[in-house]
Amino acid sequence: MAAMMVGGSILGAFLQVLFDRIASREVLDFFRGQKLTVGLLQKLNTMLIYVSGVLDDAEEKQITKPSVKLWLDELKDAVYVADDLLDEVAYESLRSELESHHSSISVHQVRNLFFSRNPFKIELEAQLREILERLEYLLNQRDGLGLREGGFVRENPSSSKLPSTSLVDEFGGVYGRDADREAIMELFLENGNGVGVIPIVGMGGVGKTTLAQLVYNDRRVEDCFNVKAWVCVSQEPSISKITKDILEEVTGGTFDGNFNQLQLELKGRLKGKKFLIVLDDVWNDKYADWDVLRRPLMTGVPGSVVLVTTRNESVASIMQTVPIYNLKGLSCDDSWFLFVRHASRGGSATLHPNLEPVGKEIVGKCRGLPLAAKTLGGLMRSKKDAVDWERICKSNLWDLSNDEILPALYLSYHYLPSHLKRCFAYCAIFPKDYDFEKDELVYLWMAEGFIEQQSRGNKLMEELGDEYFNDLVSRSFFQRSSVDPTGYVMHDLINDLAKYVSSEFCFRLDCDDSCKINGRIRHLSYAITECNLAQKLESIHEAGFLRTFWLFDWSSYFVTDATFNLLRTRKRLRVLSLSHLRTLTELPDSIGHLKHLRYLNLSATAIQYLPATLCGVYNMQTLILHQCRELVQLPNNLGRLINLRHLDVRETNLQVMPLQMDKLTKLHVLTDFIIGRGNGSCIKMLGGLQHLGGQLNVWKLQHVMEAQDALEANLKVKKYLKQLNFMWDGDTHDSVHERTVLEQLQPHTNIQSLSIVGYRGTRFPDWVGSSAFSNIVALKLSGGQHCNTLPPLGQLVSLSDLSIAAYVSVETIGYEFYGSCTSKWKPFGSLKSLRFESMLSWCEWIPFDGEAFPVLEKLYFRHCPNLKKALPSHLPSLALLEVEGCQQLGVSLPRAPNICKIKFKDDTRDVQLVKLPSERHTLMIDRFNSVDTLLEAMEQMGGFSSTMERIEIRNCSSLRSFPLELFPGLKALILTRCLNLETLSASEVTGSNFPRLTCLEIRECPKLFSSLQETMPAPNLTRLLLMGCLGVESFPGKRLLPSTLTILKIWDFPNLTSLDWEGLQNLHSLRELQICNCPNLKCLPEEGLPLNLSHLNVSWCPLLEHRCRPDDGEDWPKIAYIPELEINFQKITTLEPSA
């Protein structure tokens, strides 16, 4: 395969930004307009070209030559200074242009006026000359450092890294991969159609190659495949070489010839053979290359397998024929065993006790990476002193030259394209285990200028940022968070790598770091601690050229004066995050001096207003005010932030939007738009925001007085919007007007999620439910006071989640709900979740004549008190049915063979059916008037009789006979306060019919107990509880209890006077006996109790308790042998009887 574009210098992308700035219209016009020396710009451009020529050579040599790394750091610092200067020029150009728009004079006149009062012109030329001198000095050092322009030919990585082989490490052993091996083997067995390609994907060092070796050498593989071949691909330069390697592996010989001859020979050798070929460490993600390579492989017989290992999901995605196998890290125990194996002399399984605690701490730093555990084990093998182990353990970053795990990870970084290197290195500002969102990081990259303008084409910066992010995810630099399903996190070792590669320019200040900050630092984050707080705050002032200042986890004791001082003196800031700074109530006016600022995060602060000067920060791209609950208004001149792209005002207390919102024409994200009282026409300002995407919440639509204003919002053309929420918060008392407003708010058909809350029209406009909206997957209708019919939502072919709530005028849901569906498409053909709530007048749901809801999985009814007829007759995919507060809804249940849970609950009943992990079911019924009807309905619904494992019925006075014969697999039956229940069978059956029933509890069912005096209906019963049997004087009867009983509980027998030995003597398995609240029970049987009894509890039985007193009680000799005794809930200690 042709090698992927190997990574250039991290400075390469940075220089491209400068080239773009130098050539930009704003900078050139500014220089010419102010009669500045354009030649200085040309000289800067030329010098940067010379610099770029040696960057690749310097990037490679810095790894082994510290002097080259120092030179690169100096160069990067100089480039930062140049970039700041040119960015300031672009800002001043923009500023003069904007100010001319607000005055009657020209841009040229404004610039002249500005420079007549501002020394920037003189400073600009002086600074530019200083930069040129600095670059010239650095260029003059090239020869002394041995740097050559274009002279470096990058080594093929496979030549600097030992190629993998198929041999398993017999000495070091493999730990914790048995389950993974079996999973891969299972994929082998399932692959019966054609040649399968199975990708194993994971970060560097996680053990992909080791797993492939285990599978390759498995005995079952020898039996399954005629031919095996192992090829270490790495970053080989050509598919010809890979084809040749496969051929030589297959044949055991050597071959020469052109590519065509190699492919023909390989095709012939594999034809009719069932083969396993391992392609280890694949990097190439070009589909065309893979398509050519696989052609001779397709001649193998079905069941042949190509096993691929890669760090890059994009590689796997173009090759796979089965789902990607994502390999995770080892468990703590397996990592420990692997570490000890390599750390101990002779491969012992133990360490010296003094080393074990620190050893486990070291293993914890590996976070499941076997390569890390193995390499560190080898390192520690030569260290005998615990002090040495402690020193290595506490090191902030293990030195590159001493620890091979960093080279393993560094290789992934080293071959990143230069633009991704910048993006990744910037992530060093994140604390370890910090969960971050994709959009959050993309916005930061944009603010820092990491999104390359020249490669955008027609793509938005956000779209290109998404691509950058996804690329880093596919290369295992980021992984999904286990805490937040939408979040991402960096493995600790990856975090360490980011910190390493950005060490001179990114700094994370926390309790473990020293307070020393060098002057080159551009990106600083601070996780607040009480450790040396004042000293740390003071140290920040050393970083005079900061571009990023990000606070993490700040608490209320932070001194806001220090923040203000920082803002006044750090004028090059591009990113400022004061999120969750609870004591922050205002920003200083000096915020307006931050000319470079592009990203400001004030979320969850107590900010009450934003200063007007903020509107002069013309470079601002992202303003985050999420959860600023004290904020009631935005600055009137917010429209001057013409570069603003993202405005997040969720969960604020804003009452109205500023009148210049329509000037924000570059806005891509606007989370909320609030229409103020008497300001309804402001909604038309949305019309100028053509690029809005993501989610938009429009609040207080009742204030829109003219429908034309809603039309001018022009939502119909906003194709990037994915989620749209319309909210009314009051009644206009004009339903026709509200309908007209909603009609004019018709969105683009690309919309995926729609919510309409508080709409007071009597019916919906035609676009709601129109089949043209084929992309809608989620829809919520709530609070429709006057609407008595629902729109034809069944026509929405992609609708997956539907919620309808508080439509209090709807009485019937009929055919209009399903819409006009074609014969090819069933109504609600994609719907998986349907919820009805607070439908107070709803009485009837008329089912569809044909099939509807074919994939519906969840169905909810809540607080629909008048609903009598509901539920379609057949819901083949239904798994969950919940009915709450629907007192009149009967138990006519649909056929639903896949049901897992049913819940009926209101003031008069409580029914719950739950499917267990064992695929069996449990049923609980409380206060239900027609249990027989319910059981029959459930049987028709899903045929639960054979899978029912446990049934509990409480407070069902109408129940007279429980049909136990319907549930042959029932294991437990609990009956409580069923006062009229007489029998456990509707027909004549014998006890042998219920051999699986092992638990029976009968509480306060007097009539049922009377019918069970002779025998229990379960020959294998092990647990029996009887409670509240009023007329019984002697218990148990001779043949009442089965000999299998292990637990017997007798509670609340007020008339019981004696225990019948004839009924107890055959209970050879009885282990536990409880006798509770039997006030008239006088004594134990003369013969005693079953000898195998190990636990006896006698409580609230005053006569019997007296006789069971230790030592002097008349019945004490009968129970003294029992190990566990409780008398009136007090444990009694007994002595073992002497032999």
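Helices and strands in this text are DSSP runs, helices being H or I runs of at least four residues and strands being E runs of at least two, numbered from the N terminus. The structure is a predicted model, in which local features need pLDDT of at least 70 and side-chain atom pairs count only at pLDDT 80 or more, while totals for chains, interfaces and linings use all residues. Residues are numbered from 1 along each chain as its sequence is written, and side-chain values use heavy atoms, with hydrogens and water left out.

We may begin with the empty space inside the model. Rolling a probe the size of a water molecule over the atoms shows where empty space is left. Here a 1 Å grid over the protein atoms alone is used: a cavity is a set of points where a 1.4 Å probe fits but cannot get out, a pocket is an open set with protein on both sides within 12 Å along at least five of seven lines, and lining residues have an atom within 4 Å of a point. Grid points are joined across faces, edges and corners, and a volume is the space filled by probe spheres set on the points.

The structure holds 6 cavities of 30 Å³ or more, and the largest cavity has about 140 Å³ of space. Its lining is made by 14 residues, of which Ile10, Lys76, Tyr80, Arg422 and Ala425 are the closest to its centre. Three helices, α1 (10-23), α5 (66-101) and α22 (418-426), each supply at least two residues of this lining. When residues are sorted by class (Ala, Val, Leu, Ile, Met, Phe, Trp, Tyr, Cys and Pro as nonpolar, Asp, Glu, Lys and Arg as charged, and the others, Gly among them, as polar), the lining of the largest cavity has 10 nonpolar, 2 polar and 2 charged residues.

Turning to the open spaces, the second largest pocket contains about 1300 Å³ of space. Of the 43 residues that line this pocket, Glu437, Asp439, Glu440, Tyr443 and Arg650 are the closest to its centre. Several elements each give at least two residues to the lining, among them α24 (461-474), β10 (548-552) and β17 (694-699), but the largest share, 5 residues, comes from α23. By class, the lining of the second largest pocket has 15 nonpolar, 17 polar and 11 charged residues.

In one of them Arg650 is paired with Asp648, the closest N and O atoms being 2.8 Å apart. To describe how covered a residue is, we use relative accessible area, found with a 1.4 Å probe and protein chains only: under 20% is buried, over 50% is exposed, and in between is partly exposed. Asp648, at 12%, is therefore buried, whereas Arg650, at 34%, is partly exposed.

A second salt bridge joins Asp87 and Arg598, with 2.6 Å between the closest N and O atoms. This pair links distant parts of the chain, for Asp87 is in helix α5 and Arg598 is in the loop between β11 (575-577) and β12 (599-601), 511 residues apart. Both Asp87 and Arg598 are buried, and both belong to a network of salt bridges that also includes Arg21, Asp83, Asp84, Arg547, Arg572 and Arg574.

A further salt bridge is formed by the side chains of Glu949 and Arg920, at 3.4 Å from N to O. Glu949 lies in strand β30 (residues 948-954) and Arg920 in the loop between β28 (909-915) and β29 (921-926), so that the pair links parts of the chain 29 residues apart. Glu949 and Arg920 are both buried.

Strand β29 contains His921, which is buried, with a relative accessible area of 5%. Leaving aside residues up to four places away in sequence, the contacts of His921 (heavy atoms within 4.5 Å) include Leu913, Phe944 and Glu949.

Helix α11 (residues 208-216) is mostly covered, as 7 of its 9 residues are buried; Leu211 and Tyr216 are among them.

Terms used: A salt bridge is a side-chain nitrogen of Lys or Arg within 4 Å of a carboxyl oxygen of Asp or Glu.
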